[in-house]
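Subject: Structure handover and what was found in it

Dear colleague,

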Amino acid sequence: MSTGQPHSQRQVKTRVAISTISQVISQLFVGGLAVVCLRLSTGTLGLHGYGIYATSFAFVTTFSLFTELGVTAITAREIAKDQSRASEIISHNMGLRIFLCIVMMPLIYVISLVLYPNAEIQLRVCILLLSTYLFFDSVRSVCFAYFTSQVRNEIGALVGAIQQLVLLVLIILAALLRLSVYWFIVSYLTASFAGALVALNMARRKVRVWPRWQIRQWKPTIVLSVSIGV
C-alpha cells in the first residue's frame, strides 16, 4: 500500500524546480531591463548627474546590510519549522526590520556628512531621499521570507520582475522629459514601493501580516540572526 511519501517527494521536487527556473528567468528579465534603465539614465543625466545617482545609490544600499542582519533568513527558517506561527513570526520580524530602518536612516545621513564633507546639496538630498528605500526593502524581504519557507520563490521572482518593469516605465518618462536626478531617485523609490506593496498583498492572502512592536520578542531573533548578518 502506498504511504504517500513518494507523492510528497515529487511535490517538493516540482516546487524546487519551479522556484529555480523562475528565479533564473526573472534574473535574465530583470537584468535585461536593468541594462536599458542604465542606458537611459546615463544618457539623460550625463557624467555629473549619474555620478550623483550612482554614489547615493551605492552608499545607501550598503547600509541595507545593517537593517537586514540575517532577519529574513531566520524568518523563513522559523516559519518552516512551525507553520502555525507564521503570522506571529512575520509580524514581529517586520516590526524589527522597520525599527532598524528608523534607527539607521538618520545615521546614514550623519555618516554621509562625515564621509562627504564638501558634497553639493544634490548628493545630500539624494542620499536622504534614497534612504527611505530601506523601509520598502524591509517589508518586501520579510514577506518574501514566507514564500521562501513554502519553497515558492517564483513569487519573489514575479514581484522582482514587476518592480523592475515599473522602474523602466518611470525611467523612460523621466528620460523623455529630461528630468533631474531627483526624479530618477523618486522613480526607484516608487518602483520599490510597488514591489513592497505587491509582496505584502500576496503575503496577506496567506497569513495575517502587520508590524508588531514588542521589543522582548525581538531579542531572540537578533541573537539567532546576528551570526548570519555578520
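Two residues are taken to be in contact when they have heavy atoms within 4.5 Å of each other. With that cut-off, and leaving aside neighbours within four places in sequence, R97 is in contact with T67, E68, V71, T72, D137, S138, S141 and V142. R97 lies in helix α4, and R97 is buried, with a relative accessible area of 0%.

Please keep in mind that this is a predicted model. The pLDDT of the chain averages 86, and 94% of the residues score at least 70. Confidence is lowest in helix α9 (residues 215-229), where the mean is 75, and highest in α8, where the mean is 93. Where pLDDT is low, the predicted coordinates should not be read in detail.

Overall layout

The chain has nine helices and zero strands, and its C-alpha atoms fill a box of roughly 70 × 40 × 25 Å when taken along the principal axes. Of the 230 residues in the chain, 42% are buried. Among contacts between residues at least 6 apart in sequence, 84% join residues that are at least 24 apart.

Two helix pairs

How do helix α3 and α4 pack? Helix α3 (residues 71-81) and α4 pack at an angle of about 170°, with their axes 9 Å apart, and α3 and α4 are therefore roughly antiparallel to each other. On the α3 side the contact is made by V71, T72, T75, E78 and I79, which meet A86, I89, I90, N93, L96 and R97 in α4. By class, this contact of α3 with α4 has six nonpolar, three polar and two charged residues.

From α5, the residues I121, Q122, V125, C126, L129 and L130 meet V181, Y182, I185, Y188 and L189 in α8. The residues of this contact of α5 with α8 divide into 10 nonpolar, one polar and no charged.

T44 and R178

T44 is found in helix α1 (residues 5-62) and, at 15% relative accessibility, counts as buried. Not counting residues up to four places away in sequence, T44 touches A174, A175, R178, L179 and F184. T44 and V166 are 122 residues apart in sequence, while their C-alpha atoms are 18 Å apart in space.

R178, one of the residues that T44 touches, lies in the loop between α7 (153-176) and α8. Is R178 buried or exposed? R178 is exposed, with a relative accessible area of 56%.

V114 is found in helix α4 (residues 86-115), as R97 is, yet V114 is exposed, with a relative accessible area of 62%. V114 and W218 are 104 residues apart in sequence and 31 Å apart in space, C-alpha to C-alpha.

Cysteines

A disulfide is a covalent bond between the sulfur atoms of two cysteines. How many disulfides does the chain have? With a pair counted when its sulfur atoms are within 2.5 Å, the count comes to zero disulfides. The sulfur of C37 is 17 Å from the closest cysteine sulfur, which belongs to C126, and that is too far for a bond. The sulfur of C143 is 13 Å from the closest cysteine sulfur, which belongs to C101, and that too is too far for a bond. C37 counts as buried at 6% relative accessibility, and C143 counts as buried at 0%. C126, named here as the closest partner of C37, is also one of the α5 residues that meet α8.

With best regards

How values were computed: Residues numbered from 1 in each chain as written. Predicted model: local features only at pLDDT ≥ 70, side-chain atom pairs only at ≥ 80, totals over all residues. Heavy atoms only, no water. Buried < 20%, exposed > 50% of the residue type's maximum accessible area, 1.4 Å probe, protein only. Helix = DSSP H or I, 4+ residues; strand = E, 2+ residues; numbered from the N terminus. Nonpolar A, V, L, I, M, F, W, Y, C, P; charged D, E, K, R; others polar. pLDDT = per-residue confidence, 0-100. Axes fitted to C-alpha atoms, helices over the stretch in contact; angles between N-to-C directions. Parallel < 35°, antiparallel > 145°, perpendicular 65-115°, else oblique.
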